[in-house]
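Welcome! Here is a short tour for anyone meeting this protein for the first time. Take a moment to turn the model around, and then read on.

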Amino acid sequence: NMSSSFEAMGAFAGDAVNLVGGGEPRRLVIAPLTSDVLPLLRVAPALGRLFQHGEQDERTVILSHGLWQSQFGADPGVLGRTVNLNGAAYTIIGIMPPTFYFPTREVQLWTALVFRPESFENRGNSYLEAVARLKPGVTFEQAGAELTSLAARLAEEYPDTNAETGISFYRMRDNMSPRYRTMLMGLAGTSLCLLL
């Protein structure tokens, strides 16, 4: 861990999949994420459970409340059922609350973010974003200064891949509409782009 400003941090990405299962086949926006993301946002599922540590190799999926209603008729028996995402079978483990949207309203489901050994071979991969929760007593400005320093150090150590790459960061509550800001007022977190 290169940072001391955060009590928790997780990574996520954006993707789209073809869903087959429940109602009609659909093309959906998804957010693969690490098991740390939803707990650090302090959100509990409306039904079922969240991803667990070590579950990155499992094919599990959590549905948005809207998708659960539109695709599965709000059937609580959907937990444990299998759906097909891009030709692979995934087990439904949870349903999120109706007010939960992350990282955008368009995301309809979440899968475990899978890292393979080859994922770490190319330092040019910069498709991940991260979300973090500040440690108590750490200000946004202090965390920002630490991240800026970290980016400069990485650019020095890895000039071929990091010279033109930086870290951008912002408070989550500052990047959303007032309607959703209220939902996250208790989140003293930071979302940032990282090169991992």
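The protein chain holds five helices and eleven strands. Keep in mind as you look that this is a predicted model. Of its 196 residues, 42% count as buried. The accessible surface comes to about 10,300 Å², with 51% of that belonging to carbon and sulfur atoms. Among contacts between residues at least 6 apart in sequence, 71% join residues at least 24 apart.

Six of its six residues are buried, so strand 8 is largely enclosed by the rest of the structure.

Next come the nonpolar cores. The largest one has 20 residues, and those with the most contacts inside it are Leu-38, Leu-41, Phe-102 and Trp-110. Apart from it lies another core, of 17 residues, which includes Leu-63, Trp-68, Leu-85 and Ile-95.

Which residues does Phe-102 touch, leaving aside its neighbours within four places in sequence? Its contacts there include Phe-12, Ala-31, Leu-33, Val-37 and Leu-41. Val-107, Trp-110, Val-131 and Met-172 are also in contact with Phe-102.

Helix 2, spanning residues 65-72, is worth a look too. Its buried residues are His-65, Leu-67, Trp-68, Gln-71 and Phe-72. They cover an arc of only 165° around the axis, and therefore lie on the same side of helix 2. After helix 2 comes Gly-73, with a positive phi near 60°.

Finally, how far can you trust each part? The protein chain averages a pLDDT of 80, and 76% of the residues score at least 70. Confidence is highest in strand 4 (residues 47-48), at a mean of 97, and lowest in strand 11 (residues 189-193), at a mean of 38. Over residues 176-196, pLDDT stays under 50. For that stretch, the model has 67 contacts beyond four places in sequence.

Key
Residues numbered from 1 in each chain as written. Predicted model: local features only at pLDDT ≥ 70, side-chain atom pairs only at ≥ 80, totals over all residues. Heavy atoms only, no water. Core = buried A, V, L, I, M, F, W, Y, C linked by side-chain atoms within 4.5 Å. Buried < 20%, exposed > 50% of the residue type's maximum accessible area, 1.4 Å probe, protein only. Contact = heavy atoms within 4.5 Å. Helix = DSSP H or I, 4+ residues; strand = E, 2+ residues; numbered from the N terminus. Areas by Shrake-Rupley, 256 points an atom, 1.4 Å probe, with all protein chains shown as cover. Arc of directions from axis to C-beta. pLDDT = per-residue confidence, 0-100.
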